[in-house]
Amino acid sequence: MPIAVVILAAGQGSRMNSDTPKVLHQVAGAPLLVHAMLSARGLEAEQTVVVTGVGGAQVEQVAKTFDPDAIAVNQAEQQGTGHAVKQAEAALTDFTGDVIVLYGDTPFVRPETLQAMLNKRAEGNGVVVLGFEATDPGHYGRLWSTTEDGLMAIIEAKDATPEQLQISLCNSGVICADRKVLFDLLGKVGNDNASGEYYLTDIVALARAEGLRCAAISCDEAETQGVNSRADLAAAEASFQARARGAAMENGTTLTAPDTVYFSFDTIIGRDVIVEPNVVFGPDVTVESGAIIRAFSHLEGCHVSQHAIIGPYARLRPGAEIGDGARVGNFVEVKAALVGEGAKINHLSYVGDAEVGDAANIGAGTIICNYDGVFKHKTVIGKRAFIGSNTALVAPVRVGDDAMTGSGSVITSDVPDEAMAISRAKQANKPGLALRLMNKLRAAKAARSKE
Ligand code: UD1
Ligand code: MG
């Protein structure tokens with residue numbers, strides 16, 4: 001059965017106290033909205049419609065960057081969740097199949113849970129709702145079910161009787177129904193309730209009135225964790241990280257101090273990787289088996305091959321591609337550079353817009369001068385090349401295979417294969433001068449203190 005996903009993302013999120021639309025605040029390096037879109041991707045949804053409102057253009061741009069096929073529709077005035085879903089109707093007129101409604105501020109609903117809802121739909125239920133046993137049911141809508149007839153209605157807390165408020169199975173907000181059924185029912189939803197809003201939740205009672213069976217399935221409360229404030233955002237980050245650390249260890253990664261390692265939503269780490277304390281993985285990082293990421297390293301947009309050793313205190317920026325068994329040591333920054341197999345950049349260097357050949361050795365303090373103030377230029381260092389400490393390589397420049405540079409050199413033109421380039425002032429030794437100079441200075445100091 002084809003699936004479409006509608007993500008509600010029009011709300012203002014006033015409790016965030018922010019100029020950024022709520023759904024664009026990030027957890028694990030991705031906007032909340034992208035987390036919701038990832039759940040949809042997990043279902044291979046045929047169509048994703050994002051309902052935008054506050055900061056609509058910005059939200060639309062993020063949605064389309066993540067999924068160019070996503071459709072954004074605007075809800076100019078927030079008149080309730082039912083009204084919000086209705087905005088997606090025109091975008092889905094040609095779609096036949098089940099529609100799942102998600103919230104853009106609820107990032108952790110698992111694709112498996114959504115699949116369980118779809119299965120429940122396939123059993124002949126007109127509307128399927130995702131519920132959870134709330135530790136504090138508070139303002140959540142309550143799922144009223146009977147043993148015989150299944151889910152009867154969702155009752156918003158504001159409209160509930162004291163008895164109904166006793167129900168602890170609450171509405172997560174995620175709802176699934178056939179496209180035509182959903183929009184037909186929404187057409188009948190009114191706003192005669194405590195909030196004066198068009199409630200999506202009313203479709204359950206309306207479906208029942210038409211003789212359609214409805215059902216609820218329930219998930220862990222953690223999956224329905226929503227974000228309404230900065231504190232919620234921090235709590236969502238913490239729960240994401242706790243899960244990611246657990247999953248990494250489960251998959252065979254050693255984390256010596258798990259609580260100090262931060263993953264992104266898309267970090268991929270192979271078996272038998274060791275991650276030491278205080279490592280941060282920004283978005284788009286892959287680390288292959290057997291690599292070691294030593295303490296206090298920061299990685300983003302990079303790929304670390306097998307058995308490479310990164311850090312301590314290394315920074316891998318986007319486009320860093322580290323070869324098998326290569327080493328990137330302390331206070332080394334690598335950006336948009338291929339570092340060949342077994343190459344070593346062990347200390348205090350900047351390597352940007354470059355290729356470093358297999359088994360090359362980059363001495364301490366080597367700086368690639370890749371930027372002339374306007375353009376970036378490329379540097380190529382050959383296989384087994386040896387770059388002397390404190391070399392400045394002024395790009396564009398190529399150092400050949402098996403070539404060397406003398407320490408302290410400023411290399412501005414290509415170095416042929418096997419050649420040695422030295423570009424610095426020649427050393428001159430003045431015999432006895434150091435001693436004569438010191439004696440003179442000491443005598444001057446003594447004369448001064450007598451004055
Ligand atoms: C809603 C549910 C409630 C459920 C709770 C779970 C309704 C009527 N109530 O209540 O049963 O327990 O979520 O968190 O559906 N939104 C729009 N446009 C609107 C209104 C809302 O896009 O016009 C978006 C919001 O940005 C938010 C989501 O829909 O992401 C839910 O809206 P919210 O106002 O938080 O609903 P609740 O009152 O919490
Ligand atoms: Mg809410």
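## Cysteines

At 0% relative accessibility, cysteine 170 is buried; buried means under 20% relative accessible area, exposed over 50%, and partly exposed in between, using a 1.4 Å probe and protein chains only. Cysteine 369, at 29% relative accessibility, is partly exposed.

The structure is a predicted model, and it holds zero disulfides. A disulfide is a pair of cysteine sulfur atoms within 2.5 Å. For cysteine 170, the closest cysteine sulfur belongs to cysteine 219 and lies 11 Å away, which is too far for a bond.

## Cis peptide bonds

Glycine 311 and proline 312 are joined by a cis peptide bond, with omega at about 5°. Proline 312 sits in the loop between strand S20 (309-310) and strand S21 (314-316). Strands (E, at least two residues) and helices (H or I, at least four) are DSSP runs, numbered from the N terminus.

Another cis peptide bond links alanine 395 to proline 396, and its omega is about 0°. The loop that holds proline 396 runs between strand S31 (392-394) and strand S32 (397-399).

## Positive phi angles

Phenylalanine 331 is not a glycine, yet its phi is positive, at about 55°. This phenylalanine 331 lies in the loop between strand S23 (327-330) and strand S24 (332-339).

Arginine 384, also a residue other than glycine, has a positive phi near 60°. Arginine 384 is in the loop between strand S29 (379-381) and strand S30 (386-387), and with a relative accessible area of 44% it is partly exposed.

## Basis of the values

Residues are numbered from 1 along each chain as its sequence is written, while chains are lettered from A and ligands numbered from 1 in the order in which they are written. In this predicted model local features need pLDDT of at least 70, side-chain atom pairs count only at pLDDT 80 or more, and totals for chains, interfaces and linings use all residues; side-chain values use heavy atoms, leaving out hydrogens and water.
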